[in-house]
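Me: Hi! I've got a new structure open and I'd like to go through it with you. Can we start with a single residue?

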Amino acid sequence: MARLLAYAAFGGAEGVVGSADLGVRALSSPAAAVQIRTGACAIINRAAGAEYQAYAARLPTADQVPIAATGVSARSDLIVARIENPYSYGETWPNPSDPKVGPYVHTRVISGVPKTTTSVRQVRPSDSAVALARIDIPANTSSITQAMITDLRSMVSPRRARKLFTSFPESESTLTSSDDKWHNWPGAARWNVSVPPWATEVNLVTTFAGFKFSRDDVFAAMQHSFIGKLGEDTTIDDDQGKGNRRSTIVVADSLYVPANMRGTVQPLFIQTYMHKPERGAVTVDAATSIIADVEFVEAPDQDGF
């Protein structure tokens, strides 16, 4: 009954509970071991006849797991959190020394897996386990560095928060090709955004409807500025001559949210670059609508790795 309730509470999903939970990292002085951060997870019971059952597991103190050295060939090892319950039907795990306290959940190393492995299901489909990381170890190596570790955690119930920010310019604002520099323009595309304390990623989509081109051909770029980062450039290439014309421009990015930005209020705005030698102009005015779609996501956190 307890495992049924756990299954229902987790919605039939499995993975880590918090974004930093059970992260696998190299030791501060690389050696033949890795450390597993504290945290909690949900694990589906895959024993025979155990449909609609899950385990809730917790690692209260960091765990250090030895990793065997490689010889003349490279090797990949999978780090998992695994339930070893000898009392489930068909399971052959050994009895713990103390049946009352276990332990019944362990950090295990499944050695010699394919380098493409991303899930326990690919190598041991009947295990009640979740993948935490894969370690790709070069030949003749005994010390594990962070660069060898690929995070494979998923979250059992990630949080998301999405909000639309809009702006409708009341007056005309124009930017022309003049100095080959980035400008914080248009000023109407600026909002103060609250960053949730749990957010690790943010997806940004800003749309300019009724964006005006005039005077001559336009070759420009736009990018987001948010949480102390600049997004990727979106190129604007308009070769329609000197007449007035309007178009829709979309600028999109996915950014990692650093820990020091979580739980703060940060300005979101757009920067625009007008390339020479084109001599056109871009304008936002009363016929322009600016919409910023901001979605925060909770995902396994890499901060501190």
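Me: Is Tyr52 buried or exposed?
Reply: Tyr52 counts as exposed, because its relative accessibility is 58% and the cut-off for exposed is over 50%. Keep in mind that this is a predicted model.

Me: Where does Tyr52 sit in the chain?
Reply: You'll find Tyr52 in the loop that runs between strand E4 (39–44) and strand E5 (54–59).

Me: And which residues make the nonpolar surface patch?
Reply: Tyr52 is one of them, together with Met1, Leu4 and Leu5. The patch covers about 500 Å².

Me: OK, let's go inside. How many residues are in the largest nonpolar core?
Reply: That core has 34 residues. Those with the most contacts inside it are Val202, Phe208, Phe211, Phe226, Val294 and Phe296.

Me: Which elements give two or more residues to this core?
Reply: They are strands E14 (190–194), E15 (201–214), E16 (218–226), E19 (245–256), E20 (265–274), E21 (281–284) and E22 (289–297). The largest share, five residues, comes from E15.

Me: What does Val294 touch?
Reply: Leaving out residues up to four places away in sequence, Val294 has contacts that include Phe165, Val193, Val202, Leu204 and Leu268. Arg162, Lys163 and Asn203 are also among the residues it touches.

Me: Phe165 and Trp191, buried or exposed?
Reply: Phe165 is buried, with a relative accessible area of 12%. Trp191 is buried too, at 10%.

Me: And why is the pair of Trp182 and Tyr273 edge-to-face?
Reply: Because the planes of their rings are at 65°, and the cut-off for edge-to-face is over 60 degrees. The ring centres are 5.4 Å apart. Trp182 belongs to strand E13 (residues 182–183) and Tyr273 to strand E20, 91 residues apart.

Me: How covered are they?
Reply: Trp182 is partly exposed, with a relative accessible area of 31%, whereas Tyr273 counts as buried at 16%.

Me: Last one: which residues form an aromatic cluster?
Reply: Trp185, Phe208, Phe211 and Phe213 form one.

Note on methods. Residues are numbered from 1 along each chain as its sequence is written. This is a predicted model: local features need pLDDT of at least 70, side-chain atom pairs count only at pLDDT 80 or more; totals for chains, interfaces and linings use all residues. Side-chain values use heavy atoms; hydrogens and water are left out. Patches are made of residues with over 30% relative accessible area and no salt bridge: like charges are joined within 9 Å, nonpolar side chains (Val, Leu, Ile, Met, Phe, Trp, Tyr) within 5 Å. Accessible areas come from the Shrake-Rupley method with a 1.4 Å probe; for residues, only the protein chains shown count as cover. A salt bridge is a side-chain nitrogen of Lys or Arg within 4 Å of a carboxyl oxygen of Asp or Glu. Helices (H or I, at least four residues) and strands (E, at least two) are DSSP runs, numbered from the N terminus. Buried means under 20% relative accessible area, exposed over 50%, partly exposed in between (1.4 Å probe, protein chains only). A nonpolar core is a set of buried Ala, Val, Leu, Ile, Met, Phe, Trp, Tyr and Cys residues joined through side-chain atoms within 4.5 Å. Contact means heavy atoms within 4.5 Å. Rings of Phe, Tyr and Trp (its six-membered ring) pair if their centres lie within 6.5 Å; planes under 30 degrees apart count as stacked, over 60 as edge-to-face and the rest as tilted.
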